[in-house]
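Please examine the sequence and the structure shown here before reading the briefing.

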Amino acid sequence: MRLSLVIVKMIKYIIKRLALSVLILFGVSIIIYGLVRIKPGLDFVQAKYYAQMQLDETGKVAEMVDKQREIYGLKSGIFEGYLIWAGNVIQGDWGDSFIFTINTGEVELLTDAEGNPVLDPEGNQLTKPVSSSNVLDIIASKSTISFIIALIATILQFSIAIPLGITSATKQYGVVDYSVTVLAMMGISLPSFFFGALLLRVFSIQLGWFPYAGLTDPNSNLPVFIDQLHHLVLPITVLVILSIGGLMRYTRTNMLEVLNSDYIRTARAKGLSEHKVIYKHAFRNTLIPLVTIFAGILPGLFGGAMITETIFSIDGIGKAAYAAVTRGDIPFVMAYNLFLSMLTVIGTLLSDLMYAVVDPRVKLVGGR
Amino acid sequence: MSTLVNELDKNILPDQENNNEKPEVSLADSAKVISPGRLVLRRFFRSKLSMVGLITLALMFAFSFLGPVISPWGEVQPTGDFKWVTSILPHQIKVTEINEDTGLEEVVTYYFSEVSDPYKVYTKTPPSWTHPLGTDQYGYDVLTRLMYGGRVSLTLGFIVIFSEVIIGMFFGSISGYFGGATDQIIMRVVDVFNCLPGLPILMLAAALIDGWGVPARLRIYYLMGILTFFGWSGIARLVRGQVLGIRELEYMTAAEATGLTTSRKIFKHIIPNVMPQIIVQATLGLGGIILSESTLSYLGIGVPFPYAAWGTMISSTSGAEGRDILQNYPNIWVPAGICIVLAVLAFNFIGDGLRDAFDPRMRR
């Protein structure tokens with residue numbers, strides 16, 4: 001096939017997949033909005049500000065509530081409301097969080113009523129930091145630390161799981177294999193909140209090796225970076241142990257499949273060393289299905305870990321989402337869910353494309 | 001069914017040797033024919049891990065369903081140590097009154113205290129003979145609550161997976177059998193459900209039922225509905241894939257030729273052949289559902305207080321007395337965690353064992 005033909009096919013495929021992704025996101029948004037709307041009685045904005053509205057005499061709160069309800073289309077019927085909300089979302093207006101505010105880092109120049117700059121006694125322009133409750137700003141600012149944690153955890157996870165998975169496949173039914181299988185099972189079966197509590201109990205409270213909660217300790221005399229890493233050891237352990245099992249089993253299954261294929265038999269028959277057979281011929285081919293794992297990694301990398309972050313009081317996006325759910329901050333929860341779904345869709349798209357790039361046998365025909 | 005042939009070969013071989021010595025016994029009489037079902041069972045029971053899973057599960061069932069009958073305590077019966085406490089609420093009010101001596105108005109402050117009737121405050125107790133796992137901060141017996149928690153988790157798990165299988169099988173088989181536009185529509189809906197984030201969307205839904213004013217006892221049914229609603233898509237996709245393959249087999253052409261109705265073809269000829277994969281998937285899925293339920297309960301939006309759930313028992317480590325319970329009363333939260341791990345592990349072991357038993361070629 002000529003190169004230009006391949007490129008045309010690739011572009012066609014990408015366009016088709018993109019259209020499909022848009023369709024999926026459309027469905028996801030319908031479900032999220034529907035969930036919020038089917039609740040009878042007061043809608044979430046009214047419920048959140050109910051007490052304040054009763055106390056308020058100036059009518060300011062009622063005005064604000066009215067404006068908020070407008071954004072989420074709560075004043076119209078569910079279909080019309082969805083269109084209003086979806087329109088706002090497409091235009092980038094995802095709404096304001098009820099409970100979170102952050103400093104954007106920018107400053108606003110203070111001006112008085114006539115628009116003249118306000119100066120301090122020394123003649124400098126006075127400024128005030130700009131704060132924002134926009135859910136997108138909050139997601140962006142809170143996901144940094146979550147991303148760092150998830151990145152370290154993912155790297156560790158891959159560098160432990162792949163060698164172990166390969167060893168257990170090459171020495172099938174050996175001691176390593178059985179212990180890896182049982183350990184993987186344990187990892188899959190452990191609830192994160194229980195494992196986190198256990199680690200805290202043993203390593204933080206009893207042995208005192210690691211700090212109890214948070215990300216930094218003002219009383220610590222360690223450099224900030226080391227101190228933060230010290231705080232992150234336990235949460236990262238939880239993330240790695242809990243997610244390593246699946247990857248290990250996956251690597252093992254793939255490796256077993258490859259080891260049973262004809263070309264491995266040929267390689268062995270040629271008289272290649274076992275080391276060469278496994279690491280040159282088999283291992284490279286096991287990497288192909290691993291590419292599909294990226295679909296699952298993407299939401300994990302940016303979406304945070306709700307339970308783990310909450311247990312260890314790390315101020316990431318997962319903890320924020322948990323706080324938002326418990327405190328009725330529906331705008332943030334809606335945005336968070338939509339954000340995660342988008343990441344999943346993008347991840348699936350990327351992994352499909354990468355699959356096609358990595359494995360030349362994959363033909364680019366049709367979506368599925 | 002190549003495996004069946006292999007098994008038969010093994011059984012025939014020694015007999016053939018016998019045949020050489022005693023030619024009067026025919027091959028057909030001596031060869032033991034084993035039905036595929038028995039073959040699967042035999043392979044399943046041969047695997048050690050699946051036996052471990054099965055025994056663990058049987059013990060868990062006995063513990064959760066027979067245990068409460070034996071236990072002297074109830075699920076929400078405070079039985080631990082308590083002390084009588086009266087609360088004192090100090091008040092002060094200012095009253096303007098006329099001083100009788102001077103005849104002038106002045107502000108007088110009165111101080112008084114509101115003393116409540118004595119009420120019981122329960123304390124956590126360490127394990128003892130009457131309470132083998134102690135009592136929690138509400139005075140409930142931990143062992144008994146563990147049993148009731150198991151009832152909730154196991155019952156909920158089975159009901160949810162059963163509903164998921166019914167829904168998933170329905171949509172999956174329709175999608176795979178009819179293909180075309182039906183398939184496209186159903187599969188795009190399945191895609192949508194697959195792209196929803198697992199825990200966050202469950203949390204959103206579970207938190208929203210709070211606003212519905214659902215009574216505590218009924219809440220668990222809503223929880224089941226939510227878990228089913230967000231969980232059926234995996235089974236539908238699996239069934240559809242299997243049906244696509246089966247549809248092309250020769251025996252389906254034969255079924256077509258005999259003029260069977262569509263529903264008969266689907267339910268009598270296709271579904272039974274998908275059943276093994278569904279059973280495996282459902283068993284593995286059960287563990288996941290128990291994990292989801294206990295996570296929601298841990299977060300306080302699952303099984304509501306005062307009813308017992310394993311997740312809720314662990315959540316006492318993050319409440320008001322969290323640090324104290326975490327540090328000094330592992331008897332309250334560690335057993336619940338062990339129960340969750342055991343139940344999920346058991347289902348995973350059984351599921352793996354079943355998969356290997358149904359199809360040894362798929363052995364992982």
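The model is predicted: local features need pLDDT of at least 70, side-chain atom pairs count only at pLDDT 80 or more, and totals for chains, interfaces and linings use all residues. Residues are numbered from 1 along each chain as its sequence is written, while chains are lettered from A and ligands numbered from 1 in the order in which they are written.

**Chain B as a whole**

- The secondary structure of chain B consists of 14 helices and 4 strands; helices (H or I, at least four residues) and strands (E, at least two) are DSSP runs, numbered from the N terminus.
- Chain B has 364 residues, of which 38% count as buried. A residue is buried if 20 or more other C-beta atoms lie within 10 Å of its own, exposed if 12 or fewer, and partly exposed in between, with C-beta atoms placed from the backbone.
- Among contacts in chain B between residues at least 6 apart in sequence, 71% join residues at least 24 apart. Two residues are in contact if their C-beta atoms, placed from the backbone, lie within 7 Å.

**Helices of chain B**

- Helix α5 (residues 142–178) and helix α8 (residues 216–229) of chain B pack at an angle of about 40 degrees, and their axes are 9 Å apart. Axes are lines fitted to C-alpha atoms, for helices over the stretch in contact, and angles run from 0 to 180 degrees between N-to-C directions.
- The helices α5(B) and α8(B) are therefore oblique to each other. Angles under 35 degrees count as roughly parallel, over 145 as roughly antiparallel, 65 to 115 as roughly perpendicular and the rest as oblique.
- The residues of the contact of α5(B) with α8(B) comprise 7 nonpolar, 2 polar and 1 charged. Here Ala, Val, Leu, Ile, Met, Phe, Trp, Tyr, Cys and Pro count as nonpolar, Asp, Glu, Lys and Arg as charged, and the others, Gly among them, as polar.
- Helix α9 (residues 233–247) of chain B has 15 residues, which should span 21 Å at 1.5 Å a residue; its end C-alpha atoms are 21 Å apart, which agrees. The expected span of a helix is 1.5 Å times one less than its number of residues.
- The buried residues of α9(B) include Ile235(B), Val239(B) and Val243(B), and the buried residues of this helix pack against α5, α6 (180–195) and α11 (262–298) of chain B.

**Where the chains meet**

- In the contact between the chains, 35 residues of chain B touch 37 residues of chain A.
- The helices α6, α7 (198–210), α11, α13 (322–328) and α14 (330–358) of chain B each supply at least two residues of the side that touches chain A.
- That side of chain B has 24 nonpolar, 8 polar and 3 charged residues.

**Ile307 of chain A**

- Ile307(A) lies in helix α13 (residues 306–311) of chain A and counts as buried because it has 22 C-beta neighbours inside 10 Å.
- Not counting residues up to four places away in sequence, Ile307(A) touches Ser192(A), Phe193(A) and Thr295(B).
- Ile307(A) and Gly196(A) are 111 residues apart in sequence, and their C-alpha atoms are 8.8 Å apart in space.

**Helices of chain A**

- Helix α9 (residues 224–259) and helix α11 (residues 274–290) of chain A pack at an angle of about 130 degrees, with axes 9 Å apart, which makes α9(A) oblique to α11(A).
- The residues of the contact of α9(A) with α11(A) divide into 5 nonpolar, 4 polar and no charged.
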